[in-house]
Every structure is written in C-alpha cells, then in structure tokens.
Amino acid sequence: MTKDKPETKHSRVIQIAVPRPLHAVYDYSVPTDLDIPVVGSRVKVPFARTITIGICVATCVETPHAKLKDIHEVLDDEAVVPAELMALAHWMTDYYHYPLGEVLATILPAAARKGAICRIDPPDHWRTTKPVFSNPRAKTQQALFDHLKQNGTCAGPDLIASGFSRQTLRKLLEQQQVERCSPPIAPIDETPPIPTDAQQRAISTVTARLGAFQPYLLEGVTGSGKTEVYLRTIAPVVEDGKQVLVLVPEIALTPQTLGRFARRFPGVGMLHSNMTDHERLQTWLKCSAGELNIVIGTRSAVFTPFAELGLIIVDEEHDSSYKQQEGLRYSARDLAIKRAQTNKLPIVLGSATPSLESLYNVQLERSIKLPLPTRAGGAQMPKYRLIDMRGQEHRDGISTPLERVIRTHLDAQGQVLVFLNRRGFAPTLLCAGCGWQATCSDCDARLTLHRAPRGLVCHHCSLKFQVPENCEACRKNSLLPVGLGTQRTEQGLMDLFKATPIYRVDRDTTRTSQQLEAQFAKVNQGDPCIMIGTQMLAKGHHFPDVTLVAVLNADAGFLSPDFRAPERSAQLIVQVAGRAGRAKRPGEVWIQTFQPENPNLVRLIEQGYAGFAQMELQDRIKMGLPPAKPMALLRAESPNAKDAQELLTLFKHQLSVHKTEHPARPTIELLGPVPAPLTRVANRYRYQLMVLTTNRKQLHQALASIKKPKTHYSLRWSIDVDPYDSL
Ligand code: ADP
Ligand code: ZN
Ligand code: ZN
C-alpha cells in the first residue's frame, strides 16, 4: 500500500474472478452502501457491457488502476467456495494452466453459478401434529391427514405420487395440523459378510492410520469384494463423526451401488449428471454443513465441500470418465489425491486393472498396494481361451467354434455376454465395384451404417446421411456393408439362436441409466439369454448367472497408435472378462483374434493384468513416456489448417527456450506440430504438439511461459496436462 493514498481507498477494493477466458481476475470497488464481501462469496459485477456473477478472491487489494467499476450486489454473507476449495482452485489454475474464473465456475454447482440462493431447503418429510383444537377439515385435507396418521412420516414427493397436492399440504401446515420433520433413519438391516483375510488386511491397514495423508492402491481382481473393503473402512470414519467422499465412474452410479452404501450408513448423498441443478446444489450445501456422512458421486463430485472430511475413495480409479475431456481438462482422481494431501487423509484407489500412473506410484513408494488376489465368497476366476480367426468361417462375427461354445453354455442354463466395442450395423459401406466408401462430408471419417433407424451416421460429428441406392462414384448397385457392429452381430445371434432372448446394450439402445437398469433387471432374473454390447457392459456390473464372456474382436484396441492403447485394451478385456463366473458357477472367456501371437494379448492371458501392466510400465519408462515423464498436449483447431498449424509452431518456438543439451539438466522434448490422426472433424482442422519433460516443475515452467497471442475466435486451442487421449 502506498502512503500518499488514504488506506480506506484500498480497503474497499476487491478482486473478482469472472468466468471468462484469458485474464480472469479484475479489481472492483465496493460502494459504501454495500458490505465488503468475504473471499469465496458471489458478487454481481458489470463486465463488458453485461452483468456477470464472479467470485470474490481477494479483499483489501492494492490496485494500479485509478478508476474502478463498482460492484452491484453481494449475493452471499458467507463463502460459497470455502477456503480449502479456493486453495484448490488456485492450485488448479497453476497446474492446468486455466483461468481462475473458469476454474471456479467449474467447481461451483450450476445453480450456484447462475445465482441461485445458497440455502438448504426445509425438510420435505411430513407428519401429523397433535392438534390443540380441531378445525372442521375439507375432504381432501382430511384424507391427507388420515394418510399421514396411518403411515407415519412421509416424504413430500411420495404424498404427491399418492394423489395429494402441495396445496392441501400447505393448508394443513398453516392450520398446524401437520409439520415438517427429518426423514426417518432407515433401519440398517444388512448382515455384512465376514471379511476374507486379504480384505481384513486391507481394512486394518487403512483404518490404523486415519489421520494422515496416505494413498493406497486396492488392487483386487474382479469380484474380490472391493466394496466390502470400502464399507468397512468407512465405518470407523463415520462413527467418528467425519465425512467420506466416494467417487465412482459415470456408468457405475446406479441405485444398486447407492443401495450398498445406504443400507449400511445413514446420511448418504448422491451427485451425478442426471440430477436437477437444484438437487445437486442441495447435496452440495448439506454436505458442506455436515448434514451428510457420505457423498457418492461422479467426476465433478470431487469438488464437494465438506465440514470435516475423513476419507476419500475412488472406485475403478483407471476409468476414463474421471478425466474431463474438454474445457478444464482435470482428472478427478488426481484432484482427489491432492485433496487428501491437503486435508491429511488416507485415500483408497480401487481397481482390478489399475492405471499405470497408480502402479508407478506404488513402485515409487508414494502409494501402498493392498492386494485382493482372489474372489470373495469362493468364486473362481474365469479361464481364458483364444480362437484363431485366420481362415475361420463366421456368421456376423460369431465363429463356428464360438457358436458351439455359446450353445453349450445356454444348454447348461448359463447366460452369455458377447462384447464388441463398436455400435451400429457396419463401420463401412463399400462399393464392391470400385472401392468407393461412404465418408462424412465434414470429417475425414468413414460413415457407420445403422439399421433401425436406417442411415449412415458419422460417429465423430453425429451428422446423419441417407443410405445411397447406388455407389456415388461408379453408379453401380454394388454397395456392401463391411465390418462388424453390434446391430449386425445382434442380427446374426438372432438367426443362430432363435429361441433365446437377446439383449443389445449400446448407446443406441440404452441412453439413460434407467434403461440400463431395466435391461439388467431382466438379465438378473437368471434365465438363459445373450447380451451383446459395447463397453457399457464391461464396467462393474454384477451378473451372477453369466458363465461365458466372448470378446469378438480383441485386436482393434491393441492396434491403435495411441501409446495408452495397449493399457486401455487390456483393462477393457479384463473388465469384461470379469463379468464371467462371479457367483456359484465357474466362468469362461473366449477371445477371437486374428493375431493370436500378439505379445500384448499373450502376456495378458498368460500373466494376467498384473504381469501385463508391469511389462507395459517398464516399456513406458524405457521409452520416456508417462507416467515416467510428465506430458502435456497442446491442441489447436481451425476451419483453416494453416492457422492451427502456425499457432502451434509459434508455441513450439516459445517452448524451445526450455530445451537444454546438458545431460544432467532438466529438459523438454517437443514433438510436432503434427495433424491429429483424424485431421478434419466437423470441418475443422486439428493439429497437436506434444510436450514431454524431465519433471513436473519443468513442465509447468514451460507451459507458464507460453504467451497467448490474440487470435481469431474461430481458432481454438487448449492445453491438456496429463492427457488421457494423445491422439
Ligand atoms: P468387486 O467390486 O471387487 O468386483 P464386489 O464388491 O462387487 O467385487 O463383490 C463381489 C461379490 O462378493 C458381492 O456379491 C459381495 O457381496 C460378495 N462378497 C464380498 N466380500 C465377501 C466376503 N468376505 N464373503 C462373502 N462374499 C463376499
Ligand atoms: Zn463404385
Ligand atoms: Zn462427421
């Protein structure tokens, strides 16, 4: 603060982060008729000819500007972004090189971002009061009163579902005939299984040191009972009055998952993308106020504020849904580790197929491995078998030996899961006369043929086209669907197994989690059936009667040029295989391949995921790739290829100053700029520049030195730190 200016002037200057790119924090003055907002509260401010909601990030600011705009309104008396999350936001700004205002906008629930009042709703459970005097009641009021008297405490939505109205409820409330009350605590009636020795060792290890930062990797084979370990690790934390954050992959947050927690503990809240903005905000606020013991949520739940957090669990930590793939490209798993560190807590990362990042942390002794090597409850791990597809007859992807195996399992009253990671009917429509292929007008991509509804669909930009009668090049009537999609294999299975129910599960049949639940409910009745589907089938589901899993095309994933492709393929195969034989009957996994000698596949089958992953990790270390070396990917895209390429070339020049020839000094490698493998998508040309560095400090110094030029808005670019997709 300078001496010649009166101090009061600065005391009314605050800094506001606004959700805008580039310069995201601005100084404003607080007019004397308004209270000075606290750091972390929302403030309405004039910004670029509009009014926007920003977050106060500093008060008593020394400003170089002589004239400041006044703020318009302070929306909160208390911080909606508590100090811990504010610190996390600053950290993310530095780590992901993203503007603070937009980081804060990502952290806040949508309702709060849009200016909703941050107040916990009064409870919406109702019971009758003991009326002091009795009014003559209208018929509908009497009916509602009697209903409550008979049934005890009822939830508002249940009353509405039973045909009563909010208005009747309000009338009775005004007359003090009914009152709001807290929800009844559900009886905890489950008898938990007795932990196996391996489970008990894992539980004891974590619960022995609850007050200190320590990451654990719970590496448990599919069906090994990881959830039981979570539940018993959570118990002492909740008993101690502390809270627990449980992150699950997008597709795994089902009523079943929630039920497993809610049957053991009171006060379980949920956060996922199918909730309304209002519901999400309510969970947020209740958790912040300490009214919830456990919050289970998907990616963005990592930003939940807690009154007293005691433990974090990340289930299926390898899952790609934890990484946001656009905008602020954060990893919820990595942020969860950061929060555990700040709050001095244990964090349990669970998976049957851990990411190489997590295995590397174990190797560096930053994380402790807790192995669960066998299935709980005595179930056997499934056996793997390969089918060499070279020269093999097949019907829409089902080879003759596979057909025979499927029949054997169905005859023995088993269920069959057929995995094919490609939706649609056929990935190519090809002219047998001249070789022409149907391609997207806006992308460098082939169109996928779909039936029911019939059409050609671009899986990259979602454009739909009519199926041409004749070849568009030679005009002959010789168009052929080539390759396999789930619709085609479903058709083939229906022809082969006429009497068996067949359920297809992919993004075309199953858009909502309710649809998924409905399909699984039918399967779990236990009658012989065949499921055919994409990776939606692979994740975390428990099908007790599936005895056979068939992987139709194991090669596709291993052949991708992305350096993570082998890791991802192996995870997918092991996860989908893990659906077999989870209960009393043993399971088998049959894998069709055109490359039975593919070293990745052979290693996976002979040594399991653990053996595969160790070798793969050593390869990455040798090649100087993540997780051994930190990576960032700079992407640029534009309607004009030259603009995107030139921008990355400029960045490359700026980054080049961080290169050193000295072998002992940290240095950086710059690969590119190169066109992305799928260069044109939705008529935009995409380029990328890969940055690899010796260590994190070096990476962040380099990225911070990028000088962002003023560019035309049609030229978009981004920094992806620790990219999941490197293509
Ligand atoms: P994972 O998440 O590791 O794949 P789950 O937690 O879904 O495995 O557990 C698989 C099955 O084993 C569940 O039906 C679960 O109830 C059961 N289970 C877990 N622990 C035990 C145990 N100690 N004894 C018997 N059954 C168990
Ligand atoms: Zn043709
Ligand atoms: Zn397209």
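**Entry 1: a helix and its faces.** Before looking at a helix I noted that helices (H or I, at least four residues) and strands (E, at least two) are DSSP runs, numbered from the N terminus, and that the expected span of a helix is 1.5 Å times one less than its number of residues. I also wrote down that this is a predicted model, in which local features need pLDDT of at least 70 and side-chain atom pairs count only at pLDDT 80 or more, while totals for chains, interfaces and linings use all residues. Residues are numbered from 1 along each chain as its sequence is written, chains are lettered from A and ligands numbered from 1 in the order in which they are written, and side-chain values use heavy atoms, with hydrogens and water left out.

I then turned to helix α8 (residues 197-208), whose 12 residues reach 16 Å from the first C-alpha to the last, close to the 16 Å expected at 1.5 Å a residue. Which residues of α8 are buried? I found A198, Q199, A202, I203 and V206, where buried means under 20% relative accessible area, exposed over 50%, and partly exposed in between (1.4 Å probe, protein chains only). Seen down the axis of α8, these buried residues fall within an arc of 135 degrees, so they line one face of the helix; the arc is that of the directions from the helix axis to the C-beta atoms. I reminded myself that an α-helix has 3.6 residues a turn, so residues three or four places apart point the same way. On the face of α8 turned away from the buried side I saw the exposed residues D197, R201 and A208. The buried residues of α8 pack against β9 (214-220), α9 (226-239), β13 (309-315), β14 (346-351) and β15 (368-372), contact being heavy atoms within 4.5 Å.

**Entry 2: nonpolar cores.** A nonpolar core is a set of buried Ala, Val, Leu, Ile, Met, Phe, Trp, Tyr and Cys residues joined through side-chain atoms within 4.5 Å. The largest one has 104 residues, and of these M92 and L634 touch the most other members. Helix α2 (residues 83-96) gives the most to this core, with 7 residues. Another core, of 26 residues, lies apart from it and has among its members A198, Y216, V229 and V244. When I set aside neighbours within four places in sequence, M92 was in contact with H97, V103, I107, F303, L328, Y330 and L335.

Entry 3: Donors are N, O and S atoms within 2.8 Å of the metal (3.2 Å for Na, K and Ca), and water is not among the atoms, so sites may look incomplete. Which residues coordinate the zinc ion (ligand 2)? I listed C431, C434, C471 and C474, each through SG, at 2.2 to 2.4 Å, with the spacing C-x2-C-x36-C-x2-C in sequence. The 4 donor atoms subtend angles of 105 to 114 degrees, which makes the arrangement tetrahedral; four donors count as tetrahedral if all angles lie between 85 and 135 degrees. C431 is buried, with a relative accessible area of 2%, whereas C434 is partly exposed at 42%.

**Entry 4: a residue in a strand.** I looked up V246, which I found in strand β10 (residues 243-247) and which is buried, with a relative accessible area of 1%. Not counting residues up to four places away in sequence, V246 touches I234, F261, I294, V295, I296, G297 and I313.

**Entry 5: backbone angles.** Most residues other than glycine have a negative phi, and most peptide bonds are trans. Against that background I noted that the peptide bond from P626 to P627 is cis, with omega near 5 degrees, and that P627 sits in the loop between α19 (599-623) and β29 (631-638). The bond from G672 to P673 is also cis, with omega near 0 degrees, and P673 is in strand β30 (residues 668-681). Q176 has a positive phi of about 55 degrees although it is not a glycine, and at 59% relative accessibility Q176 counts as exposed.

Definitions and conventions. Tetrahedral: all angles 85-135°; square planar, octahedral: opposite > 155°, others 65-115°.
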